[in-house]
Structure formats: structure tokens, C-alpha cells
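Hi everyone, thanks for coming.

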Amino acid sequence: MKDLLGLQQTDISDIRRILETASNFKEILARPVKKVPTLRGRSMITLFYESSTRTRTSFELAAKIMSAEAINIAVAQSSISKGESLKDTLRTLQSLTADCVVIRHPSSGAAEMAAEYADIPIINAGDGRHEHPTQGLLDILTIWQHKVVGREDETYPGVINPNRPFDLTGLTVAIIGDLAHSRVARSNVWGLTKLGAKVRWCGPKTLVPVECERLPITLTHSLEEAMTGADVVMVLRLQLERQEKGLLPSLREYCKIWGVTPKSLQVAKPDVLVMHPGPMNRGIEISADVADGVGGIRAAIEDQVTNGVAVRMACLYLLMGGGSGDDE
Ligand code: NCD
């Protein structure tokens, strides 16, 4: 595996290897001194053509925890603003001796193009509405820890039996919201179904992509139907920056029909886990009470963020060829 471009083309064995590595790395994040020499002497460059808080910062933290150099290209102040092409930018970063480039781009397929231009590993941190594989992986790790491991051994949540492969058979995940523009929804579909989970998609007709007939999902426009008996409810952000005018007749109507609230969760399993990739539009796709886990609602939004660091450590480690691990 040279690159991580999407979960659709990633083998189940590679998905499991990343998740297992990430769950082992979680222990490092719990230490008072979060530093291991594993990637000393390597360098990771983040090249983000779109804004980001969690993804870029967690890649940077992940690299630094493993002692790699982390360099961020501020796209607006780089030669990209002078018109430099993606190909020339990638060739330049490679010539600067970067060991890995993490790219986020508004165009679907840009990460794949970058991987063709460069010999070094490319990690897709979100390309348009196509895929966001590390988000899919951190979501799966979060579901695994809450729904499988947490249930098996409440005293040690997060400690995974290394002899047991990651498997989500029997779980139903409802993904709600702006499916048309969501790379998170697509990466989750591939990752979750490869591991045996059932995926339901739910959103207004105007926010459902045409290709969804070819995806391994069940589609419904009824929030109640999507939520009934669900083990996990994943709420998506309304991506207003990607929406052409007219896709949403009324924000208030959207919120009333598809907004996830304590009331709408009542038909889900009693221990339903609520997730959101962030950033949230509080009070629109998700109510504040659900987001904050008020009244016994199990919201895993902050766990998702922490798991994001572990997953990105695992991806960098596996793609940049970390040491044997003996020196950790
Ligand atoms: C997502 C993204 O950028 O695709 N955010 C993230 O990486 N955590 C989802 C979003 O922006 O809504």
C-alpha cells in the first residue's frame, strides 16, 4: 500500500491493520509525555486547499508525537496562488525530500491525481465529495470501541483483544443529512460495510447523490425509518459552502424534518451512539442536547476527535515505514 486515497479501494486486511495499529497507539496518547521516536528523521507535509481544524491539526500532532517533522503549506501564501499546478506542487514537495504528503482539495479525484504525480505516499484528507478515508477509519474505531469492546469489557474500554479481528457484523449505522456533498458518508459506507455493518442513508431527496443506487446502502427519506433500531446515528454537516442555491428550500424545514433531536432518537436502540465528524451546525442538523450528550444520550463526538489522532499516527507509521516499534 503506497497511498491512502479511499476506503473503496483499500483491502479489508489493510483497513484492519490500520485500525489495529491505531488502537495500540491510543495508549501513547494516554501517557503524560506523548512522544515516541518511531518516525524520527521523516517529514510529513500537509497541503490543504480547503479549511480544516481537526484533520490538519491531528495529522500534525500525530507526526509530532512520533517525532516526525510536520510542515504545513499555507496555500494562500504559497506559489499555488501564483498559478502553480498540482503536478508541479507535488513534484516540488517531493524534491524538497518530503516523506509523505497529506492533501485536502475541493475537487473529487485530486488526491488520486496527486498520487500519480508523486512517488512518495499520499494521504487523502478529503477530496471534494469523494472520500475522506482517515475520517471513515476514526469513525469505525470509535464505533468498535463503544459498541463492541466497550460492551465486552466495561472496565477497560478501548483495550482490544489483538487476537480478535475488527468486525462490525450485527450493527446498523444510520447516516443522516447532506449525503450529496459528504465525503465522510462515502468513506464510511465502504469501511463499515467491508467490516460487516449495515448502513442506512437518510436525507431529503435534494441532498441524495444520484450514484447512491450503486452503493451498498439502504436509502430512506424518513428519519424515523432510518433511526428505528439503529445502533449508531451519524449526523452529517449541512455543507452549505458546496450547495448550489435551491437545494434546500428552507433551513427551518430541514431542521424540523431531519434534525437529530432527543425526540427523534427515541426509536433508535436505547444505547444508540451519536456521532458527528464536525464541524457541527448546532441547532440545525443536530440539537445542542444531542451534541452535548444531555440526559443520558451517548454522544461520541469528542472521542472521534481523539481517535483521529491515533488513526493518523497509524497511517503515517504504516505509510512512512516506521521503525520496528522496539524503541517505543
Ligand atoms: C469533514 C470534512 O471536511 O469532510 N470534516 C472533518 O474532516 N472532520 C466534514 C465536514 O466538513 O462537514
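Let's begin with the term we need: a salt bridge here is a side-chain nitrogen of Lys or Arg within 4 Å of a carboxyl oxygen of Asp or Glu. With that in hand, look at Arg56, Glu60 and Lys64, which are linked in a network of salt bridges.

Do keep in mind that this is a predicted model. The chain has a mean pLDDT of 92, and 94% of its residues reach 70 or more. Over residues 324–328, though, the pLDDT is below 50, and this stretch has eight contacts in the model beyond near neighbours in sequence.

Back to our salt bridges: the count comes to 12. Where do arginine 56 and glutamate 60 lie? Both are in helix H2, residues 54–65, and they sit four residues apart, about one turn of the helix. Glutamate 60 counts as partly exposed, because its relative accessibility is 22% and buried means under 20%.

Now for a pair that links distant parts of the chain: arginine 186 and glutamate 211. Their side chains meet in a salt bridge at 2.9 Å, N to O. Arginine 186 is in helix H6, while glutamate 211 is in the loop between strand E6 and strand E7, 25 residues apart. Is arginine 186 buried or exposed? At 7% relative accessibility, arginine 186 is buried, whereas glutamate 211, at 23%, is partly exposed.

Arginine 31 is partly exposed at 24%, and glutamate 27 is partly exposed at 46%.

Key
Residues are numbered from 1 along each chain as its sequence is written. This is a predicted model: local features need pLDDT of at least 70, side-chain atom pairs count only at pLDDT 80 or more; totals for chains, interfaces and linings use all residues. Side-chain values use heavy atoms; hydrogens and water are left out. pLDDT is the predictor's confidence in each residue, from 0 to 100. Contact means heavy atoms within 4.5 Å. Buried means under 20% relative accessible area, exposed over 50%, partly exposed in between (1.4 Å probe, protein chains only). Helices (H or I, at least four residues) and strands (E, at least two) are DSSP runs, numbered from the N terminus.
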